[in-house]
Amino acid sequence: MMIAMSFFRAIVEREFMQFALITGLLIGFLAPLIGSFVVIRRLSLIADTLSHFSLAGIAIGLYFINILGVGFLSDPLYLGMLFAVIGSLIIELLRNYYKNYKEISMPIVISLGTALSALFISLSGGFTSSVYNYLFGSILTVGRVFTFIIIGVTILISGLLVVFYKQMVIISFDESYAKLLGIRVNIFQFFTTIILALVVSLSIETVGVLLVSSLMIIPVAAAMKIGKSFKNTLFLAIIFSEISVVMGLWLSFELSFPSGATIVLFNISIFLVVIILRRLIKRKNLRDNESEALL
Amino acid sequence: MRINVNNLSFGYDYRTVLKDVSFKLESGDFLVIIGNNGSGKSTLIKCLLGINKVPNKKIYLDDININDYRRWINIGYVPQKFDDFNYEFPITVNEILSVSKYGKITEDERLIWLDKLGILELQNENINNLSGGQLQRVFIVRALVNKPKLLILDEPTVGVDSTNIERFYNTINDLNKMGVTVILITHDIKSSKANFSHIMHLYNGTAVMKKIDRNVGDSS
């Protein structure tokens, strides 16, 4: 009880905690929302791919700022965002190039991103604490500007999703039917991939490059096993994700655990609980049915 | 919908699949296409749906060159397989229908279609819990909700039980009577209750079409 009190007091009293909470909640909302469409389209690896490519941008940004002293990039994350978008465009290009082996695009872009990251991290002074923060996230250090960016992006993406809900759902579930309806699938995919790139690069601040995909995919993976309908599944995924963010933030604050890791471990725990509970319930129903049949 | 196909030849890479196919259909015609595997049935349908790109002046839909045609929601299509559909993620029958609907259709109309195809009680069911035949009927309703002027059905009753096959053909025949042009691919022309007006045999990409006297007054 005492522990929880200090967490709530910190949120009320400390600005950095408010920024962390707002950012966490908004990313916790956006990531599974976008992640659902990614999962349906069987593109689960795309988030990892984009985050690794984004890291290349961050590494180059660090090189510009720390070594070349170029000041216009106040935060290397902006270059990371740009790189996520570039990475998404390369993926779309390669996906059209290998029609039947679309997933080939992912390892190619991951490799390029990781190689560039390694090169520029080493050029810009090696493995520093800021590099560690980009790899594993540091939600407790997000600033005012970043919080406003997140708020803006959340409003923008939610608005787009409300307007284009039908098209998004049809394209995700049945691309060829969407084409039949005359929806310009390529244009939609282009924009959704760019939006995905934005969300990925923004999530880096929360959980880091290496854990971004878990925010988008794991709550969805849990929700889709118990969701009754499409909307119900989205809702559950967002709830799971938000619980993980709040619990993760709390634990990392109290115990000085790394925030990204704690959030992701909560996500995984929820996933495991859901899978195990579902199994138990299924088995119980089966037993009940069998005993009814015997009677 | 009026369809006009003029000397259409089509092939993939070096293999010619359709050879000089020509035919005309008026609104309210009902064409059944039969032919062996590889005879070009699916290729012809993909040409009519604009999936296979054909040269100008080969296909006209309502007198519009297919390459300039934009009102695709006028065409309802039920494919033979639903391999393109991403299963396993939860979505209910109603949710699929509501996002598939572009034309004006009221709640009542949707319920009527579901009822006509015998899946009214499944409307809030997750599609992943449906059998193959039930799913097939959901996709048939999906093709109907936009009030198509042309219906293209590729082996639509595979996996559907006999009672529901009958329901299906009753619905299709009724729609056809209201002026919807129907193109049906089937292997089992004898047991189908289709009240067709034309029949086309496709043999190695060559088409032979015959006009049939309809069973006038046969409402079944």
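These legends go with close-up views of a predicted model.

**View 1. Chain B as a whole.** Chain B has five helices and ten strands (DSSP runs: H or I of at least four residues for helices, E of at least two for strands, numbered from the N terminus). Buried residues, meaning those under 20% relative accessible area with a 1.4 Å probe and protein chains only, make up 54% of its 220 residues. Its C-alpha trace spans about 45 × 40 × 30 Å along the principal axes.

**View 2. A salt bridge within one helix of chain A.** A:Lys284 pairs with A:Asp288, with the closest N and O atoms 3.2 Å apart; a salt bridge here is a side-chain nitrogen of Lys or Arg within 4 Å of a carboxyl oxygen of Asp or Glu. Both sit in helix 13 (residues 259–294), four residues apart, or about one turn. A:Lys284 is partly exposed at 45% relative accessible area (partly exposed falls between buried, under 20%, and exposed, over 50%).

**View 3. Two loops of chain B, tied up.** B:Lys149 and B:Asp62 meet in a salt bridge at 3.3 Å, N to O. B:Lys149 is in the loop between helix 4 (132–144) and strand 7 (150–154) and B:Asp62 in the loop between strand 4 (59–61) and strand 5 (64–65), so the pair ties together parts 87 residues apart in sequence.

**Notes.** Residues are numbered from 1 along each chain as its sequence is written, and chains are lettered from A and ligands numbered from 1 in the order written. Local features need pLDDT of at least 70, side-chain atom pairs count only at pLDDT 80 or more, totals for chains, interfaces and linings use all residues, and side-chain values use heavy atoms, leaving out hydrogens and water.
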